[in-house]
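The questions below are meant to be worked through slowly, with the structure open beside the text. Try each one on your own before reading the answer that follows.

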Amino acid sequence: VGGSVVGGALTGRASRMLLMDAPSADSTDVARHSALDGRLLTPVAADTMYTVAVRAESQDTIGIGIQSLTRSSGPAGEAWFQVYSWTAKDGSVATDSLVMDYRTLRPLSQTRHTPQGSFRVTYSGARVRGVMQLPSQAASPFDTTFDRPVYSSAVFDLHARTLPLPAS
């Protein structure tokens, strides 16, 4: 979510869903499994994050995010279900839910609701399909195929927690 400010007044807002490629033993070989291992994760009931703008004269909390992570079973087998809710200083709320493969953390489906619109996405490896619905506009479907499977940016912290890093 971003904004445009002109003369101190908010003139526009945008919300984007980012996709990324995670590290693997050989990122050119999509048949190989990622170095990430979702089995290393543990469920989290509520992980609270504060976003603070630090300026020379003051500090200001600009938003609070609350994330949960649960293990679930679905038609495709074991999965992780992550819900992230962001409340901005102005009281606006954005909610993102993501279902991902239990072992690889590859995304399966994602839904995001923000004041700027809603998105529903399904992932099939390198193929990403969905619908974007902006306020007062017709729903806009999309269907894109990338060079290799992608990850949702909604799980940056989960990726960091599953990388094979040394204890130090």
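Q: In the hairpin of strand 6 and strand 7, which residue takes a positive phi?
A: The model is a predicted one, and the values discussed here are computed from it. Strand 6 and strand 7 pair in the antiparallel sense over 9 bridges, and the hairpin that they make has 4 residues between the strands. The residue in this hairpin with a positive phi, near 90°, is Gly91.

Q: Which residue in strand 7 is the bridge partner of Trp86?
A: The pairing of strand 6 with strand 7 is antiparallel and runs over 9 bridges. For Trp86, the partner to look for lies in strand 7, and that partner is Ala94.

Q: Which residue in the turn between strand 7 and strand 8 has a positive phi?
A: Strand 7 also pairs with strand 8, in the antiparallel sense and over 6 bridges, with Thr95 having His113 of strand 8 as its bridge partner. These two strands form a hairpin with 5 residues between them. The turn residue with a positive phi, of about 65°, is Leu105.

Q: How many residues apart in sequence are the parts that the pair of Lys89 and Asp60 ties together?
A: Side chains of opposite charge can pair when their charged atoms come close. Lys89 forms a salt bridge with Asp60, and the closest N and O atoms of the two are 2.4 Å apart. Because Lys89 lies in the loop between strand 6 and strand 7 while Asp60 lies in strand 5, the pair ties together parts of the chain whose separation in sequence is 29 residues.

Q: Is Lys89 buried or exposed?
A: A residue counts as exposed when its relative accessible area is over 50%. Asp60, the salt-bridge partner of Lys89, has a relative accessible area of 21% and is partly exposed. Lys89 has a relative accessible area of 57%, so this residue is exposed.

Q: What is the relative accessibility of Asp96, which meets Arg112 in a salt bridge?
A: The side chains of Arg112 and Asp96 meet at 2.7 Å, N to O, and the pair links strand 8 with strand 7 across 16 residues. Buried means a relative accessible area under 20%, and Arg112 is therefore buried at 13%. Asp96 likewise counts as buried, with a relative accessibility of 5%.

Q: How far apart in space are Ser68 and Ala45, C-alpha to C-alpha?
A: Ser68 is found in strand 5, and the residues it touches include Val44, Ala45 and Phe81. Although Ser68 and Ala45 are 23 residues apart in sequence, their C-alpha atoms are separated in space by 5.1 Å.

Methods
Residues numbered from 1 in each chain as written. Predicted model: local features only at pLDDT ≥ 70, side-chain atom pairs only at ≥ 80, totals over all residues. Heavy atoms only, no water. Contact = heavy atoms within 4.5 Å. Salt bridge = Lys/Arg side-chain N within 4 Å of Asp/Glu carboxyl O. Buried < 20%, exposed > 50% of the residue type's maximum accessible area, 1.4 Å probe, protein only. Pairing = 2+ DSSP bridges. Lists of a residue's contacts leave out its neighbours within four places in sequence.
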